[in-house]
Amino acid sequence: MSWFRFGFGKKDEKQKDEATPPEAQEAAPEDRPEPIRYTPDPDPADTDVAPLPALAPPPDADPGVSAAPEPPKPEAHDTPVETPVVRAEAPTPESKGLFARLASGLKKSSSRLSEAFTTVFARRKLDDAALEELEELLIAADLGAAAAARVTARLARDKFDAEITDADVREALAGVVAETLQPCEQPLDMSGPAPRVVLFVGVNGSGKTTTLGKIAVKMTREGASIITVAGDTFRAAAVEQLEIWSQRAGANFMSRPIGSDAAGLAYDAVETARREGADAVLIDTAGRLQNKAELMDELRKIVRVIRKMDETAPHHVLLVLDGTVGSNALSQAEAFLEACGVTGVIMTKLDGTAKGGALVQVAERYGLPIHFIGVGEGEADLQAFSARDFARALAGLDA
Ligand SMILES: Nc1nc2c(ncn2[C@@H]2O[C@H](COP(=O)(O)OP(=O)(O)OP(=O)(O)O)[C@@H](O)[C@H]2O)c(=O)[nH]1
Ligand SMILES: [Mg+2]
């Protein structure tokens, strides 16, 4: 079963109009994610960033810092470029295996809750004291005050003064969580004029590079031509890590020597992708704590510089959140949203965390699209986000 659906092989009327410079093209509204985006002012100080001549190597070439130059392929722009549409599939019976994976991943979260439910509701009617205790418990499980209050309100409405079971609480919890997350369940839409530019941001170690690698693998398997960009120019190991993922994916890979300007590399990559007719550019960035102003400024610069090449880009700014950090995810979302206009969220490490409930708080406060969740380190461990599955797994219920 494919995790993504690409629209290859069909002419898309939203494709690039060759008569219009890409800079002047407007993405159709439906091509854009939710309009939760920060629009930095153009900064003339950045005009010194010059396009560099590096070219993407062919997919089967050994990816490297300076790929052997290839002649440009103007024909890629003369004929309609097939547009990839990366969408999550609707949950089907075949996705049961995936649910089992998520459920076992979220077991720590769900068993923490279920132990608590058992304690609170053993031999007890649903009275005010029990409701209060339950609410505290849900808050402690990183669900946030608002969602916790809705769960208890629902139980109070349906079951007040009655004997209630564990299952009643779980169903109420799953229902509220699914409703909260439902509007955020959105596929990563890669339709629109190529190349689509995707920036991966987040704090140190949240899973950016791994997630980018997983997505690159899925996309290239569906036939997309991808350029991966080692925008973490601080650490050699980070460059190497992405290069390995890119080889695995058969994606073109671009990097620059350690210490180089990440924004310049990003600009170069977008220019290369346009020249080469690549479908998408996936740009990794260095991890940065959300309270480090200088580093957050570097992200702003990357976005500004990319916009000089294509004012509609980056088309997605994906915030990669580590599912084990709990409520700290909120301040991360706030800071990255302000700095670089996050358009969507991916939560990783949901395999084995007791803090998975934090996703509910992020959804509640910021309403950002949630595209995927990470449930392991391997390339298959990336799931299209399903609000219902997440909610049921969190509540310890079957699919
Ligand atoms: N269990 C688990 N581990 C993950 C997941 N995603 C990433 N990891 C691991 O988390 C660690 C950090 O992942 P990276 O992809 O290097 O994180 P990063 O955000 O790029 O890190 P920096 O570049 O240092 O900021 C690695 O060991 C990954 O294998 C996941 O969904 N589940
Ligand atoms: Mg990294």
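The lining of the second largest cavity has 5 nonpolar, 3 polar and 1 charged residues. Ala, Val, Leu, Ile, Met, Phe, Trp, Tyr, Cys and Pro count as nonpolar, Asp, Glu, Lys and Arg as charged, and the others, Gly among them, as polar. This is a predicted model: local features need pLDDT of at least 70, side-chain atom pairs count only at pLDDT 80 or more, and totals for chains, interfaces and linings use all residues. Residues are numbered from 1 along each chain as its sequence is written, and side-chain values use heavy atoms, without hydrogens and water.

The lining residues are S109, L113, A141, L143, A354, K355, G356, G357 and L394. On a 1 Å grid over the protein atoms alone, a cavity is a set of points where a 1.4 Å probe fits but cannot get out; lining residues have an atom within 4 Å of a point. The volume of this cavity is about 30 Å³, the space filled by probe spheres set on the points.

Now the ligand. Around ligand 1 stand 20 residues, and K208, T209, T210, D351 and E377 come nearest. Near means a heavy atom within 4 Å. By class, this shell has 2 nonpolar, 11 polar and 7 charged residues.

The table gives polar contacts, pairs of N or O atoms within 3.5 Å.

| Residue | Polar atom | Distance to an oxygen atom of ligand 1 |
|---|---|---|
| K208 | side-chain | 2.6 Å |
| T209 | side-chain | 2.8 Å |
| K349 | backbone | 2.9 Å |

Note on methods. Chains lettered and ligands numbered in written order. Polar contact = N/O pair within 3.5 Å; in protein donor to acceptor, adjacent residues only side chain to side chain. 1 Å grid on protein atoms, 1.4 Å probe; cavity = no way out; pocket = protein on both sides within 12 Å on 5 of 7 lines; lining within 4 Å.
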